[in-house]
Amino acid sequence: MSADASDLSLVRRVQRGDKGAFDALVLKYQHKLVKLVMRYVRNPAEAEDIAQEAFIKAYRALPQFRGDSAFYTWLYRIAINTAKNAVVSRDRSPVEYDLDRNNNDESYDMQGRMKDSETPEGLVLTDEIRSTVNAAIDALPEDLRTAIVLRELEGLSYEEIAAAMDCPVGTVRSRIFRAREAIDRRLREVFEGGLGRAEELG
Amino acid sequence: MNEELDSQLSAMFDDELPPAECELLARRLSRDENLKARWGRYAIVGAVIRAERGVRLNAPLAGRVNAVLLAEPALAAHTAPRDRSAVRLHWWQPLAGAAVAAGVAAVSILWLRGQVPSAGSPLVAQATPAAPVTALVPAASSGQGESYVVPRPKPATVIVPSTELANYVVAHSMFSPPVARRNLLSAFMTSEPAAAGAEEAQGDVKSIAR
């Protein structure tokens, strides 16, 4: 199996003018990229802005991407550079001091985290998504849970998981798919309910 | 939803789908919003399992990026190969290229000939001075005169310009048409013996003069 074939097929489509394929790449890597950027900026909203900028830079630079390295490795480098530049430019810009700020750093940090697009509804939904997925994983049969965790947490290939679980590669593929489907069924309900609630509040 | 398709999507998400199937599914994924939404939820499941704390799982990042890119031109405008009529060569372009190559070769020959020293300074390789080439049999100890003299070996001559010229011709042969290359080589071959002969003659004159 050629590594990165899936990303490369999407990248080639983008290079031929298919913006929808880039959307798939953003969906796949947005969380990883935000998490990566949060090593440099602690504010999630700012991290999302930087990740957005990194994705747009990557899109514009895609004509130069030849596929010598994995797409995510390339994207990773762009995000790191974007985050570093953002930190430097932020440090150069004038700082707004909050004279009323007391010594309760925890509450100040929470205020900082909740600025911009981070609404209480969004936080609740994120927590709900997290707890739903965790509950769905706990409810999985042992073999499905092991397969999906080895894949997502340990990053093992299907072949490595097959060796670890002493089963054929095709079985691993099937187990991971069935695990995802079981979790996805629960997740869809949350998203539909969550979005409905958001509309009610809006 | 087709279960086989979903299974392929899951394998593609993990980079475990054969490239040929990836191509087909990537095409469908880029157009099918339901499939894309499922793909996005697979990413969320992974983020939760990896316990990516602090990351908003429902962040509308993809939508924001998409909104910005709507105003961008499609990449194909930059990366697509030019229209075939634009890259088609005109009939005179190879001839012009050949003429330029021949001109450059001719100028180079003239320049190289200009670099050859005049008749007063013979073309002799500037090698490090060799050990004395004339070995005289020591006669002082025996009281006899010089019995014989080892003949002085003729110094090797290196025709520097010819080598440069040959290298030049070889290096540029692929850029010049066969006819021009043949003319150039024949000119080179005919001029070569004369120069070499002149050098030999000069060497001989010098040895006689000694």
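In the predicted model, B:Asp15 is partly exposed, with 19 other C-beta atoms within 10 Å. The count falls under the threshold of 20 at which a residue is classed as buried, and the intermediate class therefore applies. B:Asp15 is located in the loop between helix H1 (3-13) and helix H2 (19-29) of chain B. The backbone at B:Asp15 adopts a phi near 60°, a positive value in a residue other than glycine.

A positive phi is also found in chain A, at A:Asp166, where the angle is near 55° and the residue is likewise not glycine. A:Asp166 lies in the loop between helix H8 (158-165) and H9 of chain A. With 7 other C-beta atoms within 10 Å, A:Asp166 is exposed, since the exposed class extends to counts of 12 or fewer.

Chain B comprises nine helices and zero strands. Its elements accordingly read α-α-α-α-α-α-α-α-α from the N terminus on. Of the 210 residues in chain B, 18% are buried. Among contacts in this chain between residues at least 6 apart in sequence, 53% join residues at least 24 apart.

Confidence in chain B is given by an average pLDDT of 69, with 46% of the residues scoring at least 70. For the complex, the predictor gives an ipTM of 0.82 and a pTM of 0.61.

The interface between the chains involves 60 residues of chain A in contact with 53 residues of chain B. On the chain A side, two or more residues are contributed by each of helix H1 (5-15), helix H2 (19-37), helix H3 (44-61), helix H6 (120-138), helix H7 (142-152) and helix H9 (169-201). H2(A) supplies the largest share of that side, 13 residues. Classified by residue type, the side of chain A that touches chain B has 31 nonpolar, 12 polar and 17 charged residues.

A charged residue in helix H1 of chain A, A:Arg13, illustrates contacts both within chain A and across to chain B. Leaving aside neighbours within four places in sequence, A:Arg13 is in contact with A:Asp18 and A:Ala21 in chain A, and with B:Ala26, B:Arg27 and B:Ser30 in chain B. A:Arg13 is buried, with 22 other C-beta atoms within 10 Å.

The largest nonpolar core has 70 residues, and those with the most contacts inside it are A:Val26, A:Leu33, A:Val37 and A:Ala51. H2(A) contributes the largest share of this core, 11 residues. In soluble globular proteins, nonpolar side chains tend to be buried together. Not counting residues up to four places away in sequence, A:Leu33 touches A:Ala51, A:Ala54, A:Leu75 and A:Ala79.

Because 16 of its 19 residues are buried, H2(A) is largely enclosed by the rest of the structure. The helix also contains a kink of about 50°, centred on A:Tyr29.

Notes. Residues numbered from 1 in each chain as written. Chains lettered and ligands numbered in written order. Predicted model: local features only at pLDDT ≥ 70, side-chain atom pairs only at ≥ 80, totals over all residues. Contact = placed C-beta atoms within 7 Å. Helix = DSSP H or I, 4+ residues; strand = E, 2+ residues; numbered from the N terminus. Core = buried A, V, L, I, M, F, W, Y, C linked by C-beta atoms within 7 Å. Bend = angle between axes of the 7 residues up to and from the residue. pLDDT = per-residue confidence, 0-100.
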